[in-house]
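Please look over the sequence and the model shown here before reading the notes.

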Amino acid sequence: MSSIVFLLIGLAAGAAILFWVFWEKAPGLMILENESRYGFEETDSLLTRALADREWKTPFVHDLQQTMRNNGFEVKKVKVFEVCKPALAHQVLKGDQERVVSSLMPCRIALYERSDGKVFISRMNSGVMARPMKGVVPEVMKQAAMEIEEILKPLLRDKS
């Protein structure tokens, strides 16, 4: 009887630890954030150019600072770039089963300024997010994530 109690306590403790680790680490796994080497406007310009050079389209850029200002609120500079590489997007959108992930499309890259004046870039870690998905989605999203990281690498401060 006592071994069953110890087993149950062990299982409960293991589940609690697993839940805590997931709760603490999941945001860092799903969203990537890095400081830019440059100021806001220069990062904006360099990012726009780098995306175009790698055949990524930017159908829309949301200027959230302006949107908030239009609604009576002041925030630091924030832009969200909707980016898409049609050759990759087509692989996902052509299949009925894969099309479910269209709610994650296009990819988004956020550029924002913090109160201390430092500029950061964040984006969804689509390579990790896609792992449990089926069909061509994991490979396409992994490819998209790798390309985005290659595009961003010259803009990002070294992690130290």
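This is a predicted model: local features need pLDDT of at least 70, side-chain atom pairs count only at pLDDT 80 or more; totals for chains, interfaces and linings use all residues.

Residues are numbered from 1 along each chain as its sequence is written, and side-chain values use heavy atoms, with hydrogens and water left out.

**Overall layout**

- The protein has 6 helices and 5 strands; helices (H or I, at least four residues) and strands (E, at least two) are DSSP runs, numbered from the N terminus.
- Read from the N terminus, the order of elements is α-β-α-β-α-β-α-β-β-α-α.
- Of the 160 residues in the protein, 32% are buried; buried means under 20% relative accessible area, exposed over 50%, and partly exposed in between (1.4 Å probe, protein chains only).
- Among contacts between residues at least 6 apart in sequence, 69% join residues at least 24 apart, where contact means heavy atoms within 4.5 Å.

**Helix pairs**

- Two packed helices are described by the angle between their axes and the distance between the axes.
- Axes are lines fitted to C-alpha atoms, for helices over the stretch in contact, and angles run from 0 to 180 degrees between N-to-C directions.
- Angles under 35 degrees count as roughly parallel, over 145 as roughly antiparallel, 65 to 115 as roughly perpendicular, and the rest as oblique.
- Helix H2 (residues 40-53) and helix H6 (residues 137-152) have axes that come within 9 Å and cross at roughly 135 degrees, which means that H2 is oblique to H6.
- On the H2 side the contact is made by Leu 47, Ala 50 and Leu 51, and on the H6 side by Ile 148, Ile 151 and Leu 152.
- The residues of this contact of H2 with H6 are 6 nonpolar, no polar and no charged; Ala, Val, Leu, Ile, Met, Phe, Trp, Tyr, Cys and Pro count as nonpolar, Asp, Glu, Lys and Arg as charged, and the others, Gly among them, as polar.
- The axes of helix H4 (residues 86-93) and H6 come within 9 Å and cross at roughly 160 degrees, so H4 and H6 are roughly antiparallel.
- From H4, Leu 88, Gln 91 and Val 92 meet Val 137, Val 140, Gln 143, Ala 144 and Glu 147 of H6.
- This contact of H4 with H6 has 5 nonpolar, 2 polar and 1 charged residues.

- Ser 36 lies in the loop between strand E1 (31-35) and H2, and it counts as buried because its relative accessibility is 2%.
- Leaving aside neighbours within four places in sequence, Ser 36 is in contact with residues including Thr 43, Phe 120 and Leu 155.
- Met 30 belongs to helix H1 (residues 2-30) and is partly exposed, with a relative accessible area of 36%.
- Met 30 and Met 129 are 99 residues apart in sequence, and their C-alpha atoms are 6.6 Å apart in space.

**Backbone details**

- Most residues other than glycine have a negative phi, and most peptide bonds are trans.
- Glu 55, which is not a glycine, has a positive phi of about 70 degrees.
- Glu 55 is in the loop between H2 and strand E2 (57-63) and counts as exposed because its relative accessibility is 54%.
- The peptide bond from Met 105 to Pro 106 is cis, with omega near -10 degrees, and Pro 106 is in the loop between H4 and strand E4 (107-113).
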